[in-house]
Amino acid sequence: MPSGSAVWTERLEAAAAWRRTQGLWRERNTLQPGLVDFAGNDYLGLKDDPRLAEAQAAAAKRFGAGAGASHLVSGHLEVHEALERRLAELVGRPRALLFSTGYMANLGTLQALCDSNTLIFQDRLNHASLLDGAALAGARSRRFHHRDFNDLERLLGRAPAEAAKLVVSDGVFSMDGDVADVGGLAAVSARHDAWLMIDDAHGIGVLGAHGDGCVGHAHGVERVPVLVGTLGKALGTGGAFVAGSDALIEHLIQFARAYVYTTAQPPGVAAASLAALDVLAAEPERRQQLRDNIHYFRREAALLDLPLGDSFTPIQPLILGEGRQVMHWAARLREADLLVGAIRPPTVANGEARLRITLRASHSRESLDRLLEALARLHEEAAA
């Protein structure tokens, strides 16, 4: 009989071999100097803003490099309290609660709200963290067709009237860039006495009248009781938050294990996030420049007959279908000092492999033209 060590070695080797033979092996890309990044989520170009770095350094000097403990022990500092107030104001909610990552925010929220007696209804293209959160909670989960209210209505109609029901959707879908119809989801949820949870990770800072996302002030806490946002995308720092009523936030403080049992966010990161919110409010031209770059890229891509998905957000999927072609195009683009995301199953469905091109306010017209020219060459070669 093989030893425990041998059993685990065989399992790891078999899993690696299977992934390699399927052409799905993942590798980390180290961002080298000179590469133009069209893969990341720094939509407003705030990651490298010196004001954020200065705020982070000053807070680290004042409070220390780390928080030193969980929020419920001694790690909840005044800079965390100030950031939670500002985030609640941004999205028009009574309160907000910081989490270390967006993944942990979704896991913790669903685990705290749901149990085996809860019915969860999720869009088929929801982020993995939402699916994993439902599984962690042990809730019964059904997935409705993407942005299909009729299918959601059908599934909700079959649910017992007395059951606790939660409808969950991404705000901006991370691989396609399309946006949930939050108003429609809220209306369907209300008809069936269900709560609605929106993960607006890719909308915060980008969408809305003031960068408050696709939910924000447009859809109040009565229509969207649970709102999740992240700080590591358009705001350029790290961490995440959940916003909602006093009752919701107090419930998460008591029961969200991903909040209770982890060290609080480093104070420097919280201070940098506060600085990012200052820039977001003071410089709306960043969002306008981002919109201009999106419009220009899509207009020129259409002239080149590139197979872009239908998205008006910074996420621009170029659907190629076959994983090997995606990897080939990504490698050729990297040779031209252009970094794009190469997305294959299981992240997306079979036959829907794509380049995930992300745009930001800081991209120059010259950089956009370089990318468009490189994509045009690859498109012509593939058609030949």
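I started with helix α8 (residues 182–191) in this predicted model. I found α8 lying across β4, β5 and β6, and its direction makes about 155 degrees with β6.

Helix α6 (residues 128–137) touches β3 (118–123), β4, β5 (164–170) and β6. I noted about 165 degrees between the directions of α6 and β3.

Next I traced the sheet. I read seven strands in the order β2-β8-β7-β6-β5-β3-β4, and the sheet is open with mixed pairing. Direction ignored, neighbouring strands are turned by 20 degrees against each other on average.

I checked two of the pairings. Strands β6 (residues 195–199) and β7 (residues 226–230) are parallel, with three bridges; I198 has L227 of β7 as its bridge partner. I located R95 opposite G244 of β8.

Last, I looked at a helix pair. Helices α2 (residues 50–63) and α11 (residues 267–282) pack at about 145 degrees, with axes 7 Å apart, and their crossing is right-handed. On the α2 side I listed contact residues including L52, A55, A59 and F63; on the α11 side, including V269, A272, A276 and V279. I sorted the contact residues into 12 nonpolar, two polar and one charged.

Note on methods:
Residues numbered from 1 in each chain as written. Predicted model: local features only at pLDDT ≥ 70, side-chain atom pairs only at ≥ 80, totals over all residues. Heavy atoms only, no water. Pairing = 2+ DSSP bridges. Helix = DSSP H or I, 4+ residues; strand = E, 2+ residues; numbered from the N terminus. Axes fitted to C-alpha atoms, helices over the stretch in contact; angles between N-to-C directions. Left-handed = near helix turned anticlockwise from the far one by under 90°. Contact = heavy atoms within 4.5 Å. Nonpolar A, V, L, I, M, F, W, Y, C, P; charged D, E, K, R; others polar.
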